[in-house]
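Biologist: Hi! Could you walk me through this one? I'd like to start with the strands.

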Amino acid sequence: MTNTELTATSTALRIPRPASPYQGDIARYWDGEARPVNLRLGDVDGLYHHHYGIGEVDHAALGDPEDSTSEKKLIAELHRLESAQADVLLGNLGEIGADDTLVDAGCGRGGSMVMAHQRFGCKVEGVTLSAKQADFANGRAAELGLQDHVRARVCNMLATPFETGSVAASWNNESSMYVDLHDLFAEHSRMLEVGGRYVTITGCWNPRYGQPSKWVSQINAHFECNIHSRREYMRAMADNRLVPQTVIDLTPDTLPYWELRATSSLVTGIEEAFINSYRDGSFQYVLIAADRV
Ligand SMILES: C[S@@+](CC[C@H](N)C(=O)[O-])C[C@H]1O[C@@H](n2cnc3c(N)ncnc32)[C@H](O)[C@@H]1O
Ligand SMILES: CC(C)=CCC/C(C)=C/COP(=O)(O)OP(=O)(O)O
Ligand SMILES: [Mg+2]
């Protein structure tokens, strides 16, 4: 059964059959996801993210914690830090023209895709396992009048429909912990043009710690994902003609986001695991930008 064959029950919706039982679980997970920490932040300006934030907290913007508007200000500040994260990723894609095509692998509700189009004026194609997310992202694109430039579809990022060598730049924003990295980078390498750019922002376990810590295991269980080590990223890129140009340890930049989030009413229970693993060095938040050679 290939990725493009359709299930009997979902033919009307043209949803491809998941490539594995695991991918079926992940599709169901994201179809059912509706955490206020994601929806209320997205409601701030209509950019819906499923990634975390970076940068210094603007304490002046938070105002007086006793004030009746303090929760609203806190939500706006967390959202600003999440959009700042996407801005940093997009800033590492290199020179992108309006005629280029970009691919967001594991696009979620599409916030980064809209930001990419607004920044470069180009076409942005996203893939997600979740039909609900793809519908949501396409709905937002239509509301913004961007349906000709921003499109999400239900598709396995390991077997995309994009032509070989047709993509100027592609990325994974907190979505590479759901797949085998060799398979993932082989597919990015295939779709990217020679000289094209690949960028990921991801959490990875630190080989210096030894093995995944209990906090990393807790994050894996919480999201049903499988966090890779930093070494695995480097090896799998090297094996697939992706040569790192920039590696940034964003761990110190993401801690303020987590410390702020831990004080909000929108906590989900996973904050302690991120804060402790970033502090004990067992887990790192990194950006890797690589050229397709
Ligand atoms: C944590 S969310 C990140 C969403 C988005 N990148 C963002 O920054 O808002 C993870 C995403 O990866 C997607 N995903 C996981 N495995 C996938 C696969 N094999 N193919 C396509 N998408 C996948 C999920 O459907 C989900 O949209
Ligand atoms: C850095 C790592 C390990 C990320 C794991 C992938 C993931 C679930 C990201 C955030 O999604 P989300 O925005 O839906 O999560 P939350 O509800 O916690 O904000
Ligand atoms: Mg979130």
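This is a predicted model: local features need pLDDT of at least 70, side-chain atom pairs count only at pLDDT 80 or more; totals for chains, interfaces and linings use all residues.

Biologist: Which residues of β3 are on the covered face, and which on the uncovered one?
Modeller: V150, A152 and V154 make up the covered face, while R151 and R153 are on the uncovered one.

Biologist: Switching topic: why is helix α5 largely enclosed?
Modeller: Seven of its 10 residues are buried, so α5 (residues 111-120) is largely enclosed by the rest of the structure.

Biologist: Which ones are buried in α5?
Modeller: G111, S112, M113, V114, A116, H117 and F120.

Biologist: What follows α5?
Modeller: G121 does, and its phi is positive, near 75°.

Biologist: Now the ligand. Which residues come nearest to ligand 1?
Modeller: Of the 24 residues around it, G106, G108, M157, S175 and Y178 come nearest. The elements that give two or more residues to this shell are α1 (21-31), α5 and β2 (123-128).

Biologist: Which element gives the most?
Modeller: α1, with three residues.

Biologist: And how many residues in that shell are nonpolar, polar or charged?
Modeller: The shell around ligand 1 has nine nonpolar residues, 14 polar and one charged.

Methods:
Residues are numbered from 1 along each chain as its sequence is written. Chains are lettered from A and ligands numbered from 1 in the order in which they are written. A residue is buried if 20 or more other C-beta atoms lie within 10 Å of its own, exposed if 12 or fewer, and partly exposed in between; C-beta atoms are placed from the backbone. Helices (H or I, at least four residues) and strands (E, at least two) are DSSP runs, numbered from the N terminus. A residue is near a molecule or strand if its C-beta atom, placed from the backbone, lies within 6 Å of it. Ala, Val, Leu, Ile, Met, Phe, Trp, Tyr, Cys and Pro count as nonpolar, Asp, Glu, Lys and Arg as charged, and the others, Gly among them, as polar.
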